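Dear colleague,

I am handing over the structure we spoke about, and below it you will find an account of what turned up when it was examined. Please read the notes with the coordinates open beside them.

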Amino acid sequence: MNLWRELSPILISVPLLVIGLVFNEALQATPGGLAEYAVLLPAYLLCGWGVLTTAGRNVLRGRWFDENFLMTIATLGAIAIQELPEAVGVMLFFQVGELVQGLAVGRSRRSIQALLAVRPDTANLQTGDTLTAVDPETVPVGAVIWVRPGEKVPLDGDVLTGTSRVDTSALTGESVPRSVAVGEPVLAGMVNQSSTLTVRVTRPFGESSISRILALVENARSKKAQTEKFITRFAKIYTPAVVFLSLAVALLPPLLVPGATAATWGYRALVILVISCPCGLVISVPLGFFGGIGAAAKQGILVKGATYLDALTQVKTVVFDKTGTLTQGNFQVTDIVAHHGMSDRQLLALAAQAESQSTHPVAQSIRRAFDGAIDESGIQNYEEIAGHGIRAQVNGQTVLAGSDRLLHREAIPHDECFTDGTIAHLAVDGEYQGRIHIADELKPDAAAAIRALQAQGIQTHLLTGDSAFVAQAIAQQLGIDHVQAELLPEDKVAALEAILARRSDPQHKVAFVGDGINDAPVIARADVGIAMGGLGSDAAIETADVVIMIDAPSKVGEAIAIARRTHRIVWQNIAFALGVKALFIALGAIGVATLWEAVFADVGVALLAILNASRVLRSDSAHG
């Protein structure tokens with residue numbers, strides 16, 4: 001907003017109004033009160049021109065009943081009964097309210113723009129032995145770029161050379177810098193801190209994580225919450241009702257009550273018109289939701305629209321995935337048990353070779369544990385068996401690697417069933433060869449995240465494909481209320497639907513929190529889908545309603561707290577505005593409130609509602 005353009009009519013009108021008030025009797029004593037009109041009409045037109053022209057345009061379009069129409073009718077009526085100071089006061093204080101509202105909206109917008117500021121401006125493109133500063137949008141996939149210390153990473157890519165620390169706070173809200181080394185991914189918008197990196201670009205700028213995030217934030221305002229829709233519908237009924245009430249107050253008493261004058265009741269009708277202006281409600285409610293989205297973004301939580309912020313307030317059940325959500329997903333081999341004369345190293349080598357084409361975290365941990373070269377040339381007919389493991393031809397032999405369920409599914413004889421942990425069993429040509437034990441560890445804030453949710457009165461569930469023993473151990477350690485284990489991907493959707501069906505109140509929402517890659521179907525099915533650590537995941541950004549940009553489950557409770565705080569402030573505004581307006585409409589109807597009091601009450605309600613809505617943006621919003 002142009003502050004000077006908004007301030008100038010106010011600064012010119014204030015001294016004119018003061019002159020009109022101080023010398024009111026002398027100005028009115030001039031022939032026809034021309035001096036009063038000469039002083040106050042310019043002030044009225046300066047402050048009210050925008051309102052008058054907007055009301056006129058809206059009437060021509062058939063949109064009669066809005067705040068501009070109310071203000072126009074009320075002030076022209078005041079001029080008609082020679083109450084010029086009140087008419088100027090109505091427009092002046094309305095203009096002051098609009099100015100403060102603009103400042104509050106600007107503050108909310110800046111909280112969003114702090115995220116938008118991470119958009120990189122240039123990329124240092126390597127062409128042969130030269131570097132050229134170019135627009136990131138022109139850099140193709142596969143190109144090599146340089147990122148010097150202090151520069152923003154312009155595009156998503158993998159580090160080719162160099163080790164450094166990167167500041168991810170603008171994207172994730174995480175204040176602690178992250179170390180990156182050769183082969184690790186970096187994302188557009190991160191800030192390189194310590195040493196130069198060369199990066200091979202993996203995505204064009206338009207498909208980069210930061211571009212997707214910017215699009216989400218910019219589009220979030222278009223998705224209105226139910227409360228916003230209610231206020232819009234309410235205003236369409238409320239405003240014409242007030243206009244007809246004012247007409248009744250102006251016309252009926254002079255006709256029906258002995259001694260009642262048209263001037264007295266006409267003035268009271270004008271008071272009702274001024275106080276009933278719904279601008280405080282119409283502005284503060286969306287401002288509150290916009291502020292809530294901004295407050296969440298500052299904490300590294302992307303909410304895709306006010307409708308999802310509203311839905312978070314009704315969440316009574318949160319369902320978690322395990323691996324990568326509550327646990328680190330950094331599996332490590334802890335034990336190897338080989339059978340039939342095979343050595344532990346031979347078993348590990350066979351497993352690493354068989355799992356060489358898998359992207360599953362367990363497969364990755366096995367490959368990391370094997371310190372030798374993995375020969376992939378002898379692998380044929382690789383097949384992943386969802387929820388069980390893999391089958392592959394390795395050097396002409398059929399190798400199975402997976403869970404105890406896989407052994408039973410393929411009728412592989414084995415002495416005992418090991419289900420107490422994450423275990424990869426191996427069989428070659430139908431003969432059991434041994435097992436590899438793998439462990440995962442909890443995220444540091446996992447227990448605190450569950451406690452925070454339960455303190456908010458929210459039930460917690462765990463759905464996992466892991467063994468019942470591991471799932472129960474994790475649930476007991478964290479204090480999770482309900483557990484379902486050994487679920488195939490399609491079983492998770494069925495399990496979530498069963499939880500949804502058991503709700504006694506359909507208004508109570510169920511949220512699902514997953515890593516956004518393997519859990520996309522469940523995230524999509526939940527009332528509120530939350531992607532954990534989904535900054536680099538297309539599936540997370542596309543599917544989820546809320547994207548938590550770092551691997552911190554505690555952010556789930558924080559998102560719900562921000563949503564509830566926003567909801568509370570929005571309804572405070574609604575109750576306060578309607579209560580004050582109802583009181584002053586009654587006072588105006590019986591002649592206790594004057595136009596001046598109506599002006600101060602209306603503008604005061606709008607200002608207090610806007611300032612209250614701005615509280616959502618406070619940095620401690622999650623705790624209020």
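Does Asp371 count as buried or exposed? With a relative accessibility of 63%, Asp371 counts as exposed, and since the cut-off for that class is over 50%, the value lies on the exposed side of it. Please keep in mind throughout that this is a predicted model.

The side chain of Asp371 meets that of Arg345 in a salt bridge, with 2.9 Å from N to O. This pair links distant parts of the chain, 26 residues apart, for Asp371 sits in the loop between helix H13 (361-369) and strand E13 (379-385), while Arg345 belongs to helix H12 (residues 344-354). Arg345 counts as partly exposed, at 46% relative accessibility.

Among the contacts with a separation of 6 or more, 66% are made by residues 24 or more positions apart. The protein exposes about 27,000 Å², and carbon and sulfur atoms supply 57% of that area.

Turning to the other charged pairs, the count of salt bridges comes to ten. In one of them, the side chains of Arg525 and Glu497 meet at 3.1 Å, N to O. Arg525 lies in helix H18 (residues 520-525) and Glu497 in helix H17 (residues 489-501), so this pair ties together parts that are 28 residues apart in sequence. Both ends are partly exposed, Arg525 at 35% relative accessibility and Glu497 with a relative accessible area of 37%.

There is also a network, in which salt bridges that share partners join Glu383, Arg391, Arg409 and Glu410. Within this group, Glu383 forms a salt bridge with Arg391, and the closest N and O atoms of the two are 3.3 Å apart. Glu383 counts as partly exposed at 36% relative accessibility, and Arg391 is likewise partly exposed, with a relative accessible area of 23%.

On helix packing, the axes of helix H9 (residues 262-275) and helix H20 (residues 554-589) come within 8 Å and cross at roughly 170 degrees. Angles over 145 degrees count as roughly antiparallel, and H9 and H20 are therefore roughly antiparallel to each other. From H9, the residues Trp265, Arg268, Val271, Ile272 and Ile275 meet Lys581, Phe584, Ile585, Gly588 and Ala589 of H20.

Two backbone positions may deserve a look, given that most residues other than glycine have a negative phi. His340 has a positive phi, near 55 degrees, and lies in the loop between strand E12 (332-338) and H12; His340 is exposed, with a relative accessible area of 55%. Asn395, also not a glycine, has a positive phi of about 50 degrees and is found in the loop between strand E14 (389-394) and strand E15 (397-402), where Asn395 is exposed with a relative accessible area of 54%.

Finally, Val14, Val18, Ile19, Leu21, Val22 and Phe23 make a nonpolar surface patch of about 510 Å². One of these residues, Val22, is found in helix H1 (residues 3-22), and Val22 is exposed, with a relative accessible area of 58%.

With kind regards

Notes. Residues numbered from 1 in each chain as written. Predicted model: local features only at pLDDT ≥ 70, side-chain atom pairs only at ≥ 80, totals over all residues. Heavy atoms only, no water. Patch = residues over 30% accessible without salt bridge, like charges linked within 9 Å, V, L, I, M, F, W, Y side chains within 5 Å. Areas by Shrake-Rupley, 256 points an atom, 1.4 Å probe, with all protein chains shown as cover. Salt bridge = Lys/Arg side-chain N within 4 Å of Asp/Glu carboxyl O. Helix = DSSP H or I, 4+ residues; strand = E, 2+ residues; numbered from the N terminus. Buried < 20%, exposed > 50% of the residue type's maximum accessible area, 1.4 Å probe, protein only. Contact = heavy atoms within 4.5 Å. Axes fitted to C-alpha atoms, helices over the stretch in contact; angles between N-to-C directions. Parallel < 35°, antiparallel > 145°, perpendicular 65-115°, else oblique.
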